[in-house]
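Hi everyone, thanks for making time. I'd like to walk you through one structure today, so let's get it up on the screen.

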Amino acid sequence: MPTTEELVTAVRNGDKAAFSQLVEMYQRAAILTAQAVLGDLDLAQDAAQDGFVIAYTKLNQLYTAAAFGPWLLKIVRRRAGLIRRNSQTKQPSSDITSANITQSSDWIQRYEEVIEQLRRLPEHERMVMVLRYVDGLSIKEIAGTTGRQIETVKKQLSRALARLRKRLTELPS
């Protein structure tokens, strides 16, 4: 499979099919990033789609092709913020837990508890948790994507993990 850099270069050279491959590579991360802001899967999918359209139209503004992922997620995050402000939707959706999970019911229950506690984190902590542990971004990439200082990202991750641990240990087994 081609690298992100190779695909971006191909798109810039007129290969529209290469952009479809970029969408496949980053769709899950884009939706999860938007859902961290919006708390609603349908709106998150809309924000992710909008983000891809914006990224495609502004691809020539991307300074380095290798930075496509963080750049796209920043676009998606901003788009999700705009959608949230425009829709006044702040209630999280339970759609994330309706994914096709075929594991045992105990595992599903624990998964739902973790997702619920993740949703209850303050937005800034929820965002860095999703970017780090779902999207797999480094702390430096998260700082670049969110516009925060590296030390701020580290503190937010540490606090979010501590909150999650505390809340999850307080839940009945």
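I'll go from the overall fold to the core, and then to one pair of helices. Keep in mind that this is a predicted model.

Okay, the overall fold. Of its 173 residues, 41% are buried. For contacts with a separation of 6 or more, 63% are between residues 24 or more positions apart. And if you care about surface, the accessible area is about 10100 Å², with 48% of that belonging to carbon and sulfur atoms.

Now the core. The largest nonpolar core holds 46 residues, and the ones touching the most other members are Leu-22 and Phe-68. Helices α1, α2, α3, α4, α6, α7 and α8 each put in at least two residues, and α2 gives the most, with 12.

What does Phe-68 touch, leaving out residues up to four places away in sequence? The list is Thr-4, Val-8, Phe-19, Leu-22, Tyr-26, Ala-55, Leu-59 and Leu-62.

On the α7 side, the contact uses Ile-139, Lys-140, Ile-142, Ala-143 and Thr-146, while α8 brings Ile-150, Val-153, Lys-154 and Leu-157. By type, that's 6 nonpolar, 1 polar and 2 charged.

That's my tour, thanks.

Terms used: Residues numbered from 1 in each chain as written. Predicted model: local features only at pLDDT ≥ 70, side-chain atom pairs only at ≥ 80, totals over all residues. Heavy atoms only, no water. Contact = heavy atoms within 4.5 Å. Helix = DSSP H or I, 4+ residues; strand = E, 2+ residues; numbered from the N terminus. Nonpolar A, V, L, I, M, F, W, Y, C, P; charged D, E, K, R; others polar. Buried < 20%, exposed > 50% of the residue type's maximum accessible area, 1.4 Å probe, protein only. Areas by Shrake-Rupley, 256 points an atom, 1.4 Å probe, with all protein chains shown as cover. Core = buried A, V, L, I, M, F, W, Y, C linked by side-chain atoms within 4.5 Å.
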